[in-house]
Number of protein chains: 2
Amino acid sequence: MQEKLDAIDREILKILEKDAKTIAKDIAEHLGLTKTPVYERIRRLEQEGFIQNYSAIINKDKVEQSITVFSFVSLEAQKGHLMDDFLNQVKQLDEVTECFVVGGEFDFLLKVIVKDLDAYYSFAKSKIASLPNIGAVKSAFVLKEVKNENTFPLL
Amino acid sequence: MQEKLDAIDREILKILEKDAKTIAKDIAEHLGLTKTPVYERIRRLEQEGFIQNYSAIINKDKVEQSITVFSFVSLEAQKGHLMDDFLNQVKQLDEVTECFVVGGEFDFLLKVIVKDLDAYYSFAKSKIASLPNIGAVKSAFVLKEVKNENTFPLL
DNA sequence: ACTGAAACCGGTACACC
DNA sequence: GGTGTACCGGTTTCAGT
């Protein structure tokens with residue numbers, strides 16, 4: 001369990017990040033190896049948690065109409081337990097696909113996906129602004145997705 | 001090519017979104033079907049583009065140290081071709097994993113992943129602020145990732 | 001650590017309902 | 001649109017280097 005990655009491991013990660021269905025033989029050829037070491041490395045990457053899981057990436061525009069909104073939330077008082085309360089509530093919400101604690105003008109940044117503006121209004125009013133200790137909530141509505149990689153930039 | 005999803009399709013999407021390696025037999029049992037229709041539906045979901053691709057989700061904290069920063073960028077003049085120029089430049093940058101055109105106080109929201117604060121400083125200075133027509137650039141540094149699903153909320 | 005071959009099992013095709 | 005069977009190919013194992 002050496003917990004470190006060499007150039008081959010990183011190349012494998014890059015390939016699987018782009019297309020998890022790439023077959024071991026092709027990866028092997030690309031690397032000038034045979035399938036076995038490729039497979040062993042992949043298993044190691046999985047077992048040691050470098051690869052968390054495999055996911056089907058869904059084209060959300062095709063599945064159903066939706067809008068994406070970034071919400072910037074500030075608390076009135078940054079007491080530790082109030083922050084935790086807020087975060088525990090927020091992370092349960094299906095509409096909130098991402099939530100980060102940030103430094104800057106506001107405390108939390110949320111990425112919210114909802115059906116339409118109406119749904120966002122309800123969401124912001126009843127699920128965010130109604131939580132205790134909320135200061136300000138600002139919103140930035142996504143007009144266009146220019147780039148949206150869920151991948152980590154391995155160079 | 002009917003381009004519409006029934007409840008079974010959506011359930012399959014939800015399962016594959018969570019774990020793309022779920023075997024057809026298990027999906028079939030969960031749905032009370034056999035492998036064949038499950039396989040046919042998956043193929044249809046792939047071919048019609050509901051599933052864009054499959055991706056290995058990488059644990060970025062294990063692979064290497066990095067920080068995530070949200071950058072909020074405003075242009076000085078919102079002329080159409082200047083926006084396009086900006087976006088075409090920005091989307092090439094490996095550090096920029098996400099880029100959205102948004103409505104609100106600023107024009108673009110970028111998610112940036114870099115090694116450290118130093119790297120972010122260089123990035124902001126030489127790759128963003130140096131582009132023509134840039135107005136303001138504000139940054140929110142991620143202190144903690146509370147939730148980070150790359151998944152579309154299928155209910 | 002990698003090679004090469006063999007075994008296993010899930011994905012895929014097909015005949016039928 | 002579904003079932004059950006049979007085949008094929010990729011994954012996984014293993015003996016040898």
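## The contact between chains A and B

In this predicted model, 65 residues of chain A and 65 residues of chain B take part in the contact (heavy atoms within 4.5 Å). The two chains bury about 6100 Å² between them, and 59% of that lies on carbon and sulfur atoms. Buried area here is the accessible area (1.4 Å probe) lost when two parts are put together, summed over both. On chain B, the trio B:I57, B:K147 and B:F152 supplies 12% of the area buried against chain A, more than any other three residues.

## Polar links across the interface

Let's turn to the polar side. The interface holds 41 residue pairs in polar contact, with both residues at pLDDT 80 or more. A polar contact is a pair of N or O atoms within 3.5 Å; within protein, one must be able to donate a hydrogen and the other to accept it, and residues adjacent in sequence count only if both atoms are side-chain atoms. Among the elements of chain B that each supply at least two residues to the side touching chain A are α1 (7–18), α5 (80–92) and β3 (96–103). β5(B) gives the most, with eleven residues. That side of chain B divides into 32 nonpolar, 13 polar and 20 charged residues (Ala, Val, Leu, Ile, Met, Phe, Trp, Tyr, Cys and Pro count as nonpolar, Asp, Glu, Lys and Arg as charged, and the others, Gly among them, as polar). Helices (H or I, at least four residues) and strands (E, at least two) are DSSP runs, numbered from the N terminus.

## Salt bridges

Over all chains there are 26 salt bridges, and six are found across the interface of chain B and chain A. The rule asks for a side-chain nitrogen of Lys or Arg within 4 Å of a carboxyl oxygen of Asp or Glu. One of them joins B:E64 and A:R10 at 2.4 Å, N to O. This pair runs from the loop between α4 and β2 of chain B to helix α1 of chain A. Another links B:K138 with A:E105 at 2.9 Å, N to O.

## The second largest pocket

A:E105 turns up again here: with A:F106, A:K138, B:E105 and B:F106, A:E105 is among the closest to the pocket centre of the 15 lining residues. The second largest pocket contains about 270 Å³ of space. On a 1 Å grid over the protein atoms alone, a pocket is an open set of points where a 1.4 Å probe fits, with protein on both sides within 12 Å along at least five of seven lines; lining residues have an atom within 4 Å of a point. β5(A) provides the largest share of the lining, four residues.

## Conventions

Residues are numbered from 1 along each chain as its sequence is written, and chains are lettered from A in the order in which they are written. In this predicted model local features need pLDDT of at least 70, side-chain atom pairs count only at pLDDT 80 or more, and totals for chains, interfaces and linings use all residues, while side-chain values use heavy atoms, without hydrogens and water.

Key. Grid points are joined across faces, edges and corners, and a volume is the space filled by probe spheres set on the points.
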